[in-house]
Amino acid sequence: MSLSGKFLRPQNRALFNTSPCATIRFRQHGCTHPLTSLQCGATLQSLTNTKSFKQGQQLHAHIIVSGTLEDNTYLSTKIAAFYASCGRMTQAQVLFDGIVLKSSFLWNFMIRGYACNGLGMRSLALYREMLSFGQKTDNFTYPFVLKACGELLLVEIGRRVHCEVVVSGFESDIYVGNSLIAMYVNFDDLALARIVFDRMLDRDLVSWNTMISGYTKHGKAREAFVVFDLMRKAGFNVDGRTLLSLLSACGCIQARNQGREIHGYAVRNSYRIYNKFLNNSLIQMYSDCNSMVDARRLFEGVQLKDTVSWNSMIAGYARNEDAVESLRLFCRMVMEGGRPDEVTVVAVLGACDQITALQFGMVVHSHIVKKGFNENNIVGTSLIDVYSKCGSLACSRNVFDEMPNKNLVSWSAMVSGYGIHGKGREAVSLFHEMVASDITPDEGVVTSVLSACSHAGLVIEGKEIFDRMAKDYNIKPGLAHYSCLVDLLGRAGQLDEAYKLIKTMEVNPTSDIWAALLSACRLHHNVELAEISSQKVFDMNPKAVGSYICLSNIYAAEKRWDDVERVRVMVRRKGFKKPPGCSFTELDNAIHRFLVGDRTHEQTYYIYTKLDDLKQRLKEAGYKPDTSSVYYDVEEEIKEKLLWDHSERLAIAFALINTSPGTTIRITKNLRVCGDCHNVTKFISKLTRRDIIMRDIHRFHHFSDGSCSCGDYW
DNA sequence: TTAGGGTTAG
């Protein structure tokens, strides 16, 4: 039969959201006569189960025209339930409002509809309305009310509903119990989740899975395995979801062998065929366990790669410090028709900031804008990060200013950006602006602002923020904060005060804090304190190779070659190796990498010729090599030659040859830039009239017209 | 006549 929209009452037209002249056809089992109420009910039931919206809507139209709906609470309820299960809450609400005798079934369906479609507040309001109407709740009501509380993180309301569950006697219902566990997991209250779990009289597989995944989600992998053991002892078999949680737990504690066992179990039991998530979870587990070869093998074996598979691989390479492979895979994803989403671009930006791939980052930024991903807060924060870590602080600030809903992490990223660029005053001012905007600081942002003070030598400002931490922001100073303060005082030459602080601080100093003091001793040539602090570092962390090298450098600067040799022997005996100096620069979307003394690049001849030319011109301009940066007891001439092998100079020479005059050069170095390279770069910036932005392991240096933004304070 | 737990990111 066919139905013309002109027969519909205005309120029903609204339900169909269609114009009066639209034609809706309904054919069910080839019938041409009105269906009975029971037939309609049965059909609606099956359409509700399969969420077949179009057919259900046509059946609704058929029921209206046939007159069956008039005063038929049974059918109206069925139709409202159908719309609610399809997430069409506007239509469901219109019908719901028109039903006088509302059953628990109807209320439950409405509460469920709102809770499952991102309208938790509406769901809770309806639950309150249900109670005030005197309608009895049942065991079907609570799972969705608890779901809404959990998703909205409404802790107080959630607890109140829990009380109501107890009072109404549904605590022993297995579904209600499982929903309570899930809600407390969402609240990050694993202790309460566990109490509910332990008190359950009956548990099913979902109870066990919810508890295991709860622990996993909050990084408590060992507890997850304990519950898993209990589950097996209780005679339960795993399903695909159990395996996913366990794999995630393996990744968390880098238990690759255990992960491999689960992988084997899944293959033997054909889980991979049935569970579309399992492959991605396995890829993720291997990448968390730093086993990218295994992750890649799995990834390449999957015929149908979805966005999550690509994302796991791209993020995996970035996390495992293979940013180049991460970017290469992203390009392949685009070429093969993959669909990058917000998660993809965040991972790609993470790879870009590791190797200062600014041009690549900018291409990704334009893709982000085109797709509207910039509305996403995490994406915005990643952009702030990538621009500041690639040396473009102004772009960083633009993104920050345009962010509609800045949160604590966005502010932190910007404060930290100013810090690593040596813009301490801007960082402090932004921090205060953040506090004035009613954003409560956390440990992280205070660490960032203290670090910014340290890079810029803002001793008074840094100490003031440190003193106000507990009082004004209710943050107890932790190790990271003490470390920043030691660094701040030490760099500024207040070594005794820094030493006193370590001896009197409220938490036990770690090797990192002593290492910060040791580093300050190198800057200010204090051998005596260096020996005390290095001994502390070695006692606490015998593998601190950087501190051995730092001590050796301190002796070398004083020309105490016997001591230098003594430290070197210690390092050799322990089998430590200092990572080789390595610099990157980006050209035409490709990353060029240079190791110290590198002669493998195809332009090697031109690079060294350029360096010879620069050396000559620099000397004419008054440059005198500072060989104190060479910690070997060799002839001055050899020391000077060693300096000119440093990787950052090779990268600068390469960039000078391959870019047009006036172009800004950007270099990234894996270690701290040495004193002579810093000086040479200042000279080069003046002689070649180039701005050179160099990122070392600690911070940025902006070289321009013969001087550096750090003001030689670094 | 209705229900609960699963993979990727700052």
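Chain A is divided into domain 1 (1–101), domain 2 (203–304), domain 3 (305–404) and domain 4 (587–708), with bounds that come from an automatic or database domain assignment. The model is predicted; local features need pLDDT of at least 70 and side-chain atom pairs count only at pLDDT 80 or more, while totals for chains, interfaces and linings use all residues. Residues are numbered from 1 along each chain as its sequence is written, chains are lettered from A and ligands numbered from 1 in the order in which they are written, and side-chain values use heavy atoms, with hydrogens and water left out.

The chain as a whole comes first. Along the principal axes, the C-alpha atoms of chain A fill a box of roughly 105 × 55 × 55 Å. Chain A has 38 helices and eight strands; these are DSSP runs, helices being H or I with at least four residues and strands E with at least two, numbered from the N terminus. Of the 714 residues in chain A, 50% are buried. Buried means under 20% relative accessible area, exposed means over 50%, and partly exposed is in between, with a 1.4 Å probe and protein chains only. Among contacts in chain A with a separation of 6 or more, residues 24 or more positions apart account for 62%, a contact being heavy atoms within 4.5 Å.

Next is the interface of domain 2 and domain 3. The C-alpha centres of the two domains lie 28 Å apart. Domain 2 gives 14 residues to the contact and domain 3 gives 14 residues. About 1300 Å² is buried between domain 2 and domain 3, and carbon and sulfur atoms give 49% of that area. Buried area here is the accessible area (1.4 Å probe) that two parts lose on being put together, summed over both. On the domain 2 side, Met292, Arg296 and Phe299 lose the most area to domain 3, together 47% of what that side buries.

Three salt bridges are counted between domain 2 and domain 3, where a salt bridge is a side-chain nitrogen of Lys or Arg within 4 Å of a carboxyl oxygen of Asp or Glu. Side chains of opposite charge can pair when their charged atoms come close. Arg296 forms a salt bridge with Glu325, and the closest N and O atoms of this pair are 3.1 Å apart. Eleven residue pairs are in polar contact across the interface of domain 2 and domain 3, both residues being at pLDDT 80 or more. A polar contact is a pair of N or O atoms within 3.5 Å; within protein, one must be able to donate a hydrogen and the other to accept it, and residues adjacent in sequence count only if both atoms are side-chain atoms. Helices α17 (278–288) and α18 (292–301) each supply at least two residues of the side of domain 2 that touches domain 3.

By the salt-bridge rule the count comes to 30. One of these pairs is Asp189 with Arg159, whose closest N and O atoms are 3.5 Å apart. Asp189 lies in the loop between α10 (174–186) and α11 (190–199) and Arg159 lies in helix α9 (residues 155–168), so the pair ties together parts that are 30 residues apart in sequence. Asp189 is buried, at 19% relative accessible area, and Arg159 is partly exposed, at 35%.

Asp472 and Arg468 form a salt bridge within one helix. The N to O distance of this pair is 2.8 Å, and both residues lie in helix α28 (residues 459–473), four residues apart, about one turn of the helix. Asp472 is partly exposed at 41% relative accessibility, and Arg468 is partly exposed at 25%.

Another salt bridge joins Arg572 and Glu565, at 3.0 Å from N to O. Arg572 is exposed, with a relative accessible area of 54%, whereas Glu565 is partly exposed at 38%. Salt bridges that share partners also join Arg296, Glu300, Glu325, Arg328, Arg332 and Glu336 into one network.

Two further places remain. Ala115 is in helix α6 (residues 104–115) and counts as buried because its relative accessibility is 2%. Leaving aside neighbours within four places in sequence, Ala115 is in contact with Ser123, Phe144, Lys147, Ala148 and Glu151. In helix α37 (residues 647–658), ten of the twelve residues are buried, including Arg649, Ile652 and Phe654.
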